[in-house]
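Work through these exercises with the sequence and the 3D view side by side. Try each task before you read its solution.

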Amino acid sequence: MALTLMKGSEAIAEAAIRAGCRYFFGYPITPQTEIPEYMSARMPEIGGCFLQAESEVGAINMVYGAAGTGARVLTSSSSPGVSLKQEGISYIAASELPCVIMNVMRGGPGLGSIQAGQGDYFQATKGGGHGDYHLVVFAPASVQEAIDLMSVAFDTADKYRNPVMVVADGMICQMMEPVVLPEMQDYKIDYSVKTWAANGRGMSKPQRAIINSLYINTEDLDMLNERLQATYRVIEANEVRYEAYNLEGAEIVCTAFGTVARITKSAIDDLKEEGINVGLIRPITLWPFPYKQLHDAAVAPGVKAVLDVELNAGQMLEDVKLAVNGEQKVDFFGHYGSHMPTPEEIKEKLLSMREVL
Amino acid sequence: MAVVFEKTKMLTDTVFHYCPGCNHGIAHRLVAESIEDLGLEDNVIGVAPVGCAVFAYNYFNCDMYEAAHGRAPAVATGIKRVHPEVCVFTYQGDGDLASIGTNEIVHAAHRGEKLTVIFINNAIYGMTGGQMAPTTLVGQKTTTSPYGRSEEWCGAPIKICEMLSQIPGCYYAERVALNSTANIIKAKKAITKAFRYQMEGHGLNIVEVLSTCPTNWGLSPVEAMKWLEENMIPYYPLGVYKDKGAE
């Protein structure tokens with residue numbers, strides 16, 4: 001396999017295309033602008049569509065329009081822009097449409113900063129917009145993993161007719177790494193499979209397509225919500241992804257996602273050389289969250305504490321505590337968005353925890 | 001017995017929820033008939049708004065979307081970019097298109113999106129119960145302008161055809177009314193033209209339809225027609241604002 005040195009944002013864009021994505025609607029915002037830039041050059045080469053929308057609101061509604069036709073469609077943005085998309089994301093989830101949304105998280109709240117952040121964890125995993133819904137949320141920790149997850153993201157969206165969010169941070173998109181790209185997939189919409197999708201042939205189909213999230217009768221809205229919740233239960237049962245690292249004989253189990261998990265791994269590796277064993281549970285799906293796997297790791301014999309590390313004030317921490325369910329001590333180390341922790345800081349935190357265990 | 005008239009098959013048999021005397025019913029029929037007249041029955045996707053026409057997906061007998069408030073032109077853009085050969089239309093009211101959705105319609109026009117936009121202007125928010133719209137006339141009383149719309153406080157009512165016709169990407173803009181048989185015939189011609197232009201590869205095409213809201217205007221259907229003639233048409237003159245196809 002030939003390795004190519006690629007910038008994260010461009011690798012993600014190319015991976016989406018190779019997963020069959022032929023429609024991209026976006027709006028410039030740092031630190032993800034290289035994704036629309038790449039798409040604007042690449043889509044015309046393969047007969048796809050890149051369109052720069054008038055706003056993030058416009059972009060997500062274009063996604064809603066294209067997703068309703070059954071096409072593979074992507075939008076990307078960064079934190080403040082993703083906030084603007086939330087209205088549309090709620091409609092897409094309620095209308096049971098597949099699509100992929102990239103959030104290249106930066107520091108927040110407000111305009112925040114343009115450096116990496118993880119402060120959109122709550123927004124991504126707990127809903128984000130109005131109503132009872134979930135996105136499937138993937139959190140890659142390297143450029144290669146981001147590439148590999150793009151086709152998984154599109155397949156998962158199609159499988160469950162549910163929007164999927166891929167959260168990266170500014171670091172993943174801005175750094176260059178040697179990667180292997182997958183083969184090109186030429187995705188064609190099959191209207192005999194996607195019978196719910198709109199193609200304009202309403203008159204000759206057994207049932208015309210109605211892409212809609214309005215259910216004015218209580219019973220009808222109940223039915224939609226029950227269907228959505230049933231889908232979420234299936235996703236929770238089947239789609240949890242996580243990485244377990246160095247759990248064997250660990251005294252402390254760390255939890256972290258994305259770039260921060262990589263930095264945490266460096267600290268773990270350093271400590272291992274000093275004869276201290278620390279493990280890591282890295283959720284790859286932030287929703288569904290690996291509650292059971294983390295619980296089991298946290299209460300394993302010899303484990304004395306859990307340390308959650310994040311680039312925010314402690315958002316995943318709430319899920320970590322739910323997973324551990326009071327059966328283990330949980331500590332937190334983090335910086336606010338844009339202030340990336342170093343391996344030394346994490347190591348120091350782990351050593352200080354160890355002193356009082 | 002010879003059949004001399006049939007309801008267009010582009011409308012379902014679902015009973016309209018519209019109030020007595022409301023012009024949405026006429027507008028729906030003209031849109032549906034135009035689609036059928038052009039032979040687009042099995043090649044069309046519509047986008048309904050938020051507003052009184054929110055249930056339009058139950059009435060137009062074709063693939064339909066229900067869009068978020070004001071976003072129909074963006075939704076239609078997404079559809080049209082996937083299916084450039086399919087006729088795509090939006091059906092929007094004045095709160096939807098002229099207030100919360102101005103960004104979407106202005107940029108769809110600027111991009112010259114090959115769409116047909118049916119814009120119902122009845123100078124009020126109907127569905128939420130008669131609030132001031134961006135098209136509410138100066139002095140007009142609504143539930144949020146109980147003393148009459150003040151131009152000093154709220155500005156002048158927005159003129160969509162005048163505004164959009166200035167945009168290079170706007171191909172066709174005409175304002176019609178449904179207050180007389182003659183005007184309904186003119187409206188039908190305008191709507192058909194707006195669909196025909198799209199299928200000839202042109203955009204953006206908009207028909208603004210001045211429409212009554214007897215319920216929220218507090219008038220009888222007949223009085224409402226008279227009010228429209230005496231108050232709306234003078235401020236919103238009927239006619240063609242742009243027709244690149246006729247140039």
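Contact means heavy atoms within 4.5 Å. This is a predicted model, so local features need pLDDT of at least 70, side-chain atom pairs count only at pLDDT 80 or more, and totals for chains, interfaces and linings use all residues. Residues are numbered from 1 along each chain as its sequence is written, chains are lettered from A and ligands numbered from 1 in the order in which they are written, and side-chain values use heavy atoms, with hydrogens and water left out.

**Exercise 1. Which residues is A:Leu294 in contact with, leaving aside its neighbours within four places in sequence?**

Step 1. Find the element. A:Leu294 is found in helix H10 (residues 291-298) of chain A. Helices (H or I, at least four residues) and strands (E, at least two) are DSSP runs, numbered from the N terminus.

Step 2. List the contacts. They are A:Val253, A:Thr255, A:Ile281, A:Phe289, A:Val320 and A:Ala323.

Step 3. Check the burial. A:Leu294 has 0% relative accessibility and counts as buried. Buried means under 20% relative accessible area, exposed over 50%, partly exposed in between (1.4 Å probe, protein chains only).

Step 4. Compare sequence with space. A:Leu294 and A:Asp319 are 25 residues apart in sequence; their C-alpha atoms are 9.9 Å apart.

**Exercise 2. In what order do the five strands of the open sheet in chain A run?**

Step 1. Recall the rule. Two strands pair if DSSP finds at least two bridges between them.

Step 2. Read the order. It is S10-S12-S11-S14-S15 in chain A, with mixed pairing.

Step 3. Name the edges. Strand S10 (242-245) and strand S15 (330-334) of chain A each pair on one side only.

Step 4. Axes are lines fitted to C-alpha atoms, for helices over the stretch in contact, and angles run from 0 to 180 degrees between N-to-C directions.

Step 5. Take one pair. Strand S14 (residues 305-310) of chain A and S15(A) run parallel, joined by five bridges. A:Glu310 stands opposite A:Gly334 in S15(A).

Step 6. Helix H9 (residues 258-273) of chain A lies across S10, S11 (252-255), S12 (278-283) and S14 of chain A. Helix H9 runs at about 165° to S12(A).

**Exercise 3. How many aromatic pairs are there over all chains?**

Step 1. Set the rule. Rings of Phe, Tyr and Trp (its six-membered ring) pair if their centres lie within 6.5 Å; planes under 30 degrees apart count as stacked, over 60 as edge-to-face and the rest as tilted.

Step 2. Count. The total is 16 aromatic pairs.

Step 3. Classify one. B:Phe89 and B:Phe195 are edge-to-face, at 5.7 Å centre to centre and 75° between the planes. B:Phe89 is in strand S3 (residues 87-93) and B:Phe195 in helix H8 (residues 181-199) of chain B, 106 residues apart.

Step 4. Widen the view. B:Phe60, B:Phe89, B:Tyr91 and B:Phe195 form one aromatic cluster.
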